[in-house]
Structure formats: C-alpha cells, structure tokens
Amino acid sequence: MSSVATPTDMGGESRQPAEWPDVHVLEPLAPAEHGATIVFLHGVGGGGQEARDFFATFRDPTSVFWRRTRMVFPTARLHAVTRFGGEVMSSWYDITGVGSRLDEPGLGVQASAAYVHRLLDVEAARMPPLTTSRPCTERNLLYLAGFSQGAALTLFSGHTYRGRLLDGVFAFSGYIFARESFLAMLEATEGATSTSSPGRDHRAARLNVCVPCIMCHGRADDVVLFEFGEASFKWLGATRRSLGSKQRTPPPPDDVALPPLDGSFYDEALQFTFRAGVKHTIAPFMLDAMLGLVAAHLATRDGPGQQHHSRVMSKA
C-alpha cells in the first residue's frame, strides 16, 4: 500500500515539523512480517512521491524484500539553487556548481541532516521494542539510502547519526561534499560515546562512522561525474580508517592514490561498485545491491531456512 505519512503517523507532531513537506511511504506487502525500514532521499528537483512511485513499479509479492520492507520517502524543502541560476526547487542544500563536488560548501546541509536524523529516530521508535523474549538479534533493521544529491546527504547523515546503529547506507550516484563540516560532525560523533543521553544507543555514535556502506556509480554519469564518485570513495575510505583506528592519522590528499583495501573491518564495510555505460540514473545493479544486502540481513537474522533475495531485474 502507498500512503502519505501525517505528523501523527510519523510519531507525533513535534517530530514532523510543519515546514517540511509530506513524507510518502510504501508499506511492506506483508505488514505482519515487517522486518526492515529504508529512508530514501531523492535528488535535487525531485520529491518523495516521485521516488515512491518509481520504487512501487518494482514491488514483487514473492520477494522477501518487498514483503517485509517499509520504505519512507521524505521531500526536501524549496530552495534557490545557485547552480541553476537561482531557480527555486526542492533541494537538500544549495549547489554552487563551481569546481569539484567534493568542494561544495553545502549551505543548508545542517538543517537537512538534522531532519533526516529525526526521521530515522521516528522510524526507530516505530519498531517493536527489544525484550528478553525478543533479543537484539531480532531487532528490526534500519537503513538510509539516496540518489544523486540525496545520496550525498545520505553519506553525510548516515555516518553522523547517533540515534542507533544503522544496518546499512546506500549511495547511488552520490558524492562527498562539505568536507570540513562532515569531518567536524564525525569528530563530534566519535566523542559522543562519552556523553550521557537517555534513549540513545551509545555504540551508534562510534560505529555509524564505519556503517556498512555501498556506493554505486555509472561510468558514463554526466551529471555527477564518475571521477567525483571515485574520489569520494577514496576520501571516505581513508577517513573511516583514520577514525576507526587507534592511531588516528589524517586522510591523504586527494591526488595520492590509496592502497587497495586492507581487509580490515572498516574497509570491508565500505564498497564502491560501478558499471560501464550507465549514466545518471538508479540502475538495476544499484537496486540489486540494496535489495540483496537487506534480504541477506533479514535471512541472517531469521536464521537458516528463510527465503533469500530474488533479483529485482536483470543487470544493465
């Protein structure tokens, strides 16, 4: 069922500010079997309803993913976007279009990241509480995903979320931006483990810095160039290793080639996959990556004998 989430649906009026547009939802096809939730962020000029309608075309009642996964599609507020001559459109932050994507200042990102964190809090609160008869291994799964500008905000927000441990982050045709703000929030997030905040999972503050993350990019992307995706992957990998290690060292400059992934936990949890000929779009291999990981997590959590992932479509 497709629906529009009202403030009450999202967990209370105080958690869904009136200045943000409606949130659209695809409920699991088997609501009683709900086991995972994905918050998905659209690209610049898009919207939650458009993204919901796109994903609705792939729903398959025989797929464990679609039977058990709730998808939540917020919409960005309207902003004047510098890159498009000041045209007002839905945008998570301003895009200047000057220089590398990695150097975008991201004016407005702090407010959008806080909103995404609030949505994740709301979705986490909707999930059944853990009890002695329902241990941590049976908790509902929570993911953050996005496309293009939404993927960039996904990388920013997912790594800095403190509410609970995320089970994965998916960035389709995305990039790293606002690196100074991102690093400052990562540093603050890492230090948050020593603070006391009721209702918070203090492990999340540290481990979401190295959340399982899949970045997907088309080699022929002419909007967010492949070189920006590749450079973002290298920078993010180096930063995660730096923050995840006991001997913290700054990431190397962008023009220094990183060595191959060293097989550590933090490197293994970051993946960059790409396909030749794929332009700026949510391609089949991207959907396969997301559906595959979520279904695998559900199967692992539920134990042997459960239905595994069936592909959403053939590869592009």
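A disulfide is taken here as a pair of cysteine sulfur atoms within 2.5 Å, and in this predicted model the number of such pairs is zero. Cys 213 takes part in no disulfide, the nearest cysteine sulfur, that of Cys 216, being 9.3 Å away. Cys 216 is likewise in no disulfide, and its nearest cysteine sulfur is that of Cys 213, at 9.3 Å. Since buried means under 20% relative accessible area, Cys 213 counts as buried at 2% relative accessibility, and Cys 216 counts as buried at 1%.

| Cysteine | Relative accessibility | Class |
|---|---|---|
| Cys 213 | 2% | buried |
| Cys 216 | 1% | buried |

Helix 3, residues 109–126, packs against helix 4 at an angle of about 60°, and the two axes lie 10 Å apart. The two helices are therefore oblique to each other, and helix 3 passes helix 4 in a right-handed crossing. On the side of helix 3, the contact is made by Val 109, Gln 110, Ser 112, Ala 113, Val 116 and His 117, while helix 4 contributes Leu 153, Phe 156, Ser 157 and Thr 160.

Conventions: Residues numbered from 1 in each chain as written. Predicted model: local features only at pLDDT ≥ 70, side-chain atom pairs only at ≥ 80, totals over all residues. Heavy atoms only, no water. Buried < 20%, exposed > 50% of the residue type's maximum accessible area, 1.4 Å probe, protein only. Axes fitted to C-alpha atoms, helices over the stretch in contact; angles between N-to-C directions. Helix = DSSP H or I, 4+ residues; strand = E, 2+ residues; numbered from the N terminus. Parallel < 35°, antiparallel > 145°, perpendicular 65-115°, else oblique. Left-handed = near helix turned anticlockwise from the far one by under 90°. Contact = heavy atoms within 4.5 Å.
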